[in-house]
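I opened the model to look up a few local features and note them here. Entries follow in the order I worked.

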Amino acid sequence: MLGKVFGGLEEYAPLLIRLTLGAIFVVQGAGKIFGVWGGDGLEKTAEFFGPGKLDLPLPILMASLAGIGELGGGFLVALGLITRYAAATIVIIMAVAVGVAHGGKVLDPKAGLAAFACLMLAFSLL
């Protein structure tokens, strides 16, 4: 029954995944770097990455790399340009986010479930 309704649409699945994942990461990256769309901006993101919160070394560099990786990777994934490399960048960023920022709690809706879902979506594009 559903095959008759949705038959032939499977070829559009990667496109929908790319557009959705790209939009998510463009918004997240722009928020980290420029403070738009509800983001904190680079200074507050670096404070979060630094001592007392995530305790990452060189927090301004790490925040910059995460923001640029998310913004650039999101654009490239959405456009379908060097998708595998851009998705690999997103996979690395999200693996660190799940492990460090969310404490590895991948199935906790208040902690890392959304990050884990984005990690798996990016991984599916590899």
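The model is a predicted one.

**Loop residues.** I looked up Leu58 and found it in the loop between helix 3 and helix 4. Its phi is positive, about 50°, although Leu58 is not a glycine. Most residues other than glycine have a negative phi. Leu58 counts as exposed because its relative accessibility is 56%, and the cut-off for exposed is over 50%.

I then went to Ile82, in the loop between helix 4 and helix 5. Ile82 is not a glycine either, and I read a positive phi of about 35°. With 53% relative accessibility, Ile82 is also classed as exposed.

**Helix 2.** I checked the length of helix 2, residues 13–34. Its 22 residues should span 32 Å at 1.5 Å a residue, and the end C-alpha atoms lie 31 Å apart, so the two agree. I listed its buried residues, among them Arg18, Leu21, Phe25, Val26 and Lys32. The buried residues of helix 2 pack against helix 3 (41–49), helix 4 (59–79), helix 5 (83–101) and helix 6 (113–124). Just after helix 2, I noted Gly35 with a positive phi of about 75°.

**Thr45.** Is Thr45 buried or exposed? I found Thr45 in helix 3. Thr45 is buried, because its relative accessible area is 8% and buried means under 20%. Leaving out residues up to four places away in sequence, Thr45 touches Lys32, Asp40 and Ala63. Lys32 is one of the buried residues of helix 2.

Note on methods
Residues numbered from 1 in each chain as written. Predicted model: local features only at pLDDT ≥ 70, side-chain atom pairs only at ≥ 80, totals over all residues. Heavy atoms only, no water. Helix = DSSP H or I, 4+ residues; strand = E, 2+ residues; numbered from the N terminus. Expected span 1.5 Å × (residues − 1). Buried < 20%, exposed > 50% of the residue type's maximum accessible area, 1.4 Å probe, protein only. Contact = heavy atoms within 4.5 Å.
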